[in-house]
Amino acid sequence: MMKKIAILFTLLACLIVGCHSSPKKPKQMLRINFLSDPPTLDPRKGGDPTSSTVQFMLFEGLTRMSPHSSAELALATKITTSEDRTIYTFHLRETYWSDGHPVTAYDFEAAWKKMLDPTFPAPNAHLLYPIKNAKAAKEELVSLDEVGLRALDAQTFEVTLEGPTPYFLELIAFCVFFPVPSHIVETHPEWADKVSPHLVTNGPFILKEWKIHDKLILERNPSYWEARDVGLDGIHISLIESESTALQLYERGELDFLGLLTPLPLDSIQDLKQKGWLKKNPLGATTYCSFNVNHTPFTNPDIRKAFAYAINREAIVKHTTQLDEEVASGPIPSILKYHMKETFFADANEQLARYHLRKGLQELGLNKSDLSKLTFMYLEGDAPKKVAQALQQQWNKVLGIRVNLECYTFKVYLDKLFRRDYEFAFTRFVIQYNDIMNILDLYKFRDNPKNYPGWENPEYTKLLDHSMRIEDPKERIAFLRQAEQILINEMPIAPIYHWNQVYLCQPRLKGMYISPIGSIHLGNAYLEAE
């Protein structure tokens, strides 16, 4: 009897010691905020920053961005190229969708070809145009079977280009080039609209919950090929429209990261700087004024130049945004040109602005009073509103023209830009791959939905095509200065400032990577114990 009691006490002691020596590990749940729901989770239909950010969490492509490379191997385990640099053969590693189905070369072929279907809504289809016959297929000039995309077998994907494309591997690291589950999308076309068994992914995380206007909950994807390296158990994305409310949550320790997709309130910047909380580094992004070149008076280059030269960019950066941005005296951020800053025009050139206004009005047969009903469109938000108001004041002071301001929600604003249903507008562009061509290529073809001005120039197009034959990145940048000059001479856009990516990050968040295109990568992120 005594022996049994001794054994019982020994077992209890072991249990008690075990409980104390192996406490339950706190759940690694990252807390961030978006201003609004992602418009789409389908990589083929995306393009806006919010959708792209979630897609980088849920999916992965052939190459990926990392702190070490802008195009390191991901699902591709090996890449071979032809001698003339026009054929890329991708050898895929063995990976799986979150429902257990294998990810194959056929998934890539089907996803990329679908974007080139003339009936499929793909705002970023132009990014595929380096591929042989891609543009012709989108314009219904050839069949999709003639596009240079071919799955040789389940693990081998061959891509044929129109010609050498020096930045191709960087290009396909963007989320538009991620695969989608071909075993699901054809029979369930709304597969990415909500949480369901059909929403399967192949990236570090899966979506477990999505309450519109409230939150998204992501969890680690156990089927991800590098699941053992993912430090986070999940991500809680709150959807709070108020930038001030989001900042208060961060200050109370209820958010781990704030910035990028939730801009910091401009009136908080100085205080955050003084506290030493503000983190910033250059970003391949630009805020600019877009002129609808098919709408009078902006059909006239001199009128466009008048409004462009009247802008005092230094004043906007110093007194309005207050984030030490780079004054944009050209279309390309210096971060994409090895930090080489070039000046294509003088800032706040009031005399030249008034000269072009007089010249343009004379050519159009108009008076200044005819411009009094011009409307400048901008996106809702603290920064766009204050920049729009600053521009309104500057144009009134320099040109004697008080323009009207109209604010729209993101969805309506984007729709009006795509349809070119505007006169001139506050616009911004964040690069999608780490090369200056991403910006210059926007204006290569008038029919590109993201060519908001609707501008095109044959000489400009020739220069961009010729640059593809130049392998050395610095030589190509120097050559493309001619294209930049054409863009400035015709001024379909008026660059205002190139961004700094500004954010707040709790000290316990480690391993997060923010790329030069502003994409957030959380595959190696983790939270230190407090």
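Visitor: Where is the place of Glu226?
Guide: This is a predicted model in which local features need pLDDT of at least 70 and side-chain atom pairs count only at pLDDT 80 or more, while totals for chains, interfaces and linings use all residues. Residues are numbered from 1 along each chain as its sequence is written, and side-chain values use heavy atoms, with hydrogens and water left out. Helices (H or I, at least four residues) and strands (E, at least two) are DSSP runs numbered from the N terminus. Glu226 is in the loop between β9 (215–220) and β10 (234–239).

Visitor: Is Glu226 buried or exposed?
Guide: Buried means under 20% relative accessible area, exposed over 50%, and partly exposed in between (1.4 Å probe, protein chains only). Glu226 has 19% relative accessibility, so it counts as buried.

Visitor: Which side chain makes a polar contact with the side chain of Glu226?
Guide: A polar contact is a pair of N or O atoms within 3.5 Å; within protein, one must be able to donate a hydrogen and the other to accept it, and residues adjacent in sequence count only if both atoms are side-chain atoms. For Glu226 the distance is 3.0 Å, and the partner is Arg64.

Visitor: Which residues of α3 are buried?
Guide: Helix α3 (residues 105–115) is mostly covered, with eight of its eleven residues buried. The buried residues are Ala105, Asp107, Phe108, Glu109, Ala111, Trp112, Lys113 and Met115.

Visitor: What is the area buried between domain 1 and domain 2?
Guide: An automatic or database domain assignment supplies the bounds, giving domain 1 (60–184) and domain 2 (281–501). Contact (heavy atoms within 4.5 Å) links 16 residues of domain 1 with 19 residues of domain 2. Buried area is the accessible area (1.4 Å probe) that two parts lose on being put together, summed over both. Carbon and sulfur atoms give 62% of the area between these domains, which is about 1500 Å².

Visitor: Which residues of domain 1 lose the most area to domain 2?
Guide: Three residues together account for 37% of what the domain 1 side buries. They are His126, Pro166 and Tyr167.

Visitor: How many salt bridges does the rule find across the interface of domain 1 and domain 2?
Guide: A salt bridge is a side-chain nitrogen of Lys or Arg within 4 Å of a carboxyl oxygen of Asp or Glu. Across this interface the rule finds one.
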